[in-house]
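Visitor: I am new to reading structures, and I would like to learn how to look at a ligand and at a pair of helices. Could you guide me through an example?

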Amino acid sequence: MRVLILGGTTESRALADALADDRRFAPVYSLAGRTGAPLLPCVPARVGGFGGRDGLAAWLKLERIDAIVDATHPYAAQMSANAAHAAEACRVPLLRLQRPAWIAGPRDDWRHVASSDAAASALGTTPLNVFLAIGRSDIAAFRAAPQHGYVVRAVDAPDPLDLPPRATVILKRGPFALDDELAVLREHSIDVIVSKNSGGDAAYAKILAASQLGLPVVMIARPPLPVAAECAGVEAALDWLDTIVQRAHGANPSERGV
Ligand code: NAP
């Protein structure tokens with residue numbers, strides 16, 4: 001069974017690696033090609049966009065894809081929408097593997113906003129030291145709030161034209177440890193953190209650090225996505241693929257990997 005895994009997350013790589021030795025599956029791992037040195041699983045990979053939903057639909061047919069697992073980041077809304085539409089058009093079963101969102105605890109001070117633009121406005125007029133931990137693609141919105149100083153952390157260097165005037169860039173890939181996050185926040189006298197609600201463990205330490213230091217977090221809401229079958233973890237995605245392969249072969253349930 002040919003399975004397209006839309007990737008770019010820890011879970012997508014774990015799923016691809018879990019399928020690598022299972023001879024029932026021929027997975028193809030797909031990346032947008034945003035990062036210079038991407039982490040890749042041990043299965044065949046392709047890199048680059050498909051050309052919108054119609055391009056993806058054509059690719060699904062050409063490659064005779066039997067199932068899709070959309071394991072992209074929760075904020076990769078365009079890709080998830082394209083996957084939902086192309087899967088429906090081609091009648092290919094689709095599962096969205098998405099990490100549960102973080103939930104604010106009693107000690108967390110989160111200010112909820114709908115977008116990066118709204119986050120820039122929510123910072124207010126008084127100059128602050130802002131830790132921008134949202135990746136590099138949405139940084140340009142903060143050029144509208146040049147009164148603040150920013151520490152921008154990303155895997156790859158942002159386009160200089162996207163940066164607000166007073167920005168320090170830290171190039172680093174997660175996972176991040178609590179002690180390191182506390183050190184960054186203290187070293188740069190950070191007043192407020194801007195974050196996406198990515199979920200998972202790799203990026204959570206900054207939220208814990210904010211809580212410990214009593215710092216507010218401007219939390220950008222997850223974008224809305226089309227309705228699709230969803231699961232929260234790799235094991236559940238493997239169970240779903242088991243079901244799909246059994247249905248395709250009209251077989252009785254069998255042990256995974258046999
Ligand atoms: P996006 O805005 O939803 O996608 C924009 C376009 O990029 C898509 O329409 C598609 O181009 C292409 N694309 C996106 N993901 C792709 C994939 N896995 N394989 C092939 N093409 C893909 O996506 P994004 O937010 O820029 O994210 C890009 C990648 O980075 C995704 O793989 C995502 O999982 C990963 N990522 C994103 C974030 C984030 O905060 N957004 C964080 C961590 C990792 P076509 O229309 O031409 O097909």
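Visitor: How many Å separate an oxygen atom of the ligand from a polar backbone atom of Phe50?

Guide: Please keep in mind that this is a predicted model. A polar contact is a pair of N or O atoms within 3.5 Å, and here an oxygen atom of the ligand is 2.6 Å from a polar backbone atom of Phe50. At Gly52, a polar backbone atom is 3.0 Å from an oxygen atom of the ligand, while for Ala76 a backbone N or O atom lies 3.2 Å from a ligand oxygen. The ligand taken alone exposes 800 Å², and the protein buries 77% of that.

Visitor: Which residues around the ligand come nearest, and which helix supplies the largest share of the shell?

Guide: There are 21 residues around the ligand, and those that come nearest are Gly7, Ser30, Phe50, Met79 and Lys196. Helix H3 (77–90) and strand S2 (26–31) each supply at least two residues of the shell, and the largest share, four residues, comes from H3. Sorted by class, the shell has 11 polar, seven nonpolar and three charged residues.

Visitor: At roughly what angle do the axes of H2 and H3 cross?

Guide: Two packed helices are described by the angle between their axes and by the distance between those axes. The axes of helix H2 (residues 52–62) and H3 come within 8 Å and cross at roughly 50°, and H2 and H3 are therefore oblique to each other. The crossing of H2 and H3 is right-handed.

Terms used: Residues numbered from 1 in each chain as written. Predicted model: local features only at pLDDT ≥ 70, side-chain atom pairs only at ≥ 80, totals over all residues. Heavy atoms only, no water. Near = heavy atom within 4 Å. Polar contact = N/O pair within 3.5 Å; in protein donor to acceptor, adjacent residues only side chain to side chain. Areas by Shrake-Rupley, 256 points an atom, 1.4 Å probe, with all protein chains shown as cover. Nonpolar A, V, L, I, M, F, W, Y, C, P; charged D, E, K, R; others polar. Axes fitted to C-alpha atoms, helices over the stretch in contact; angles between N-to-C directions. Parallel < 35°, antiparallel > 145°, perpendicular 65-115°, else oblique. Left-handed = near helix turned anticlockwise from the far one by under 90°.
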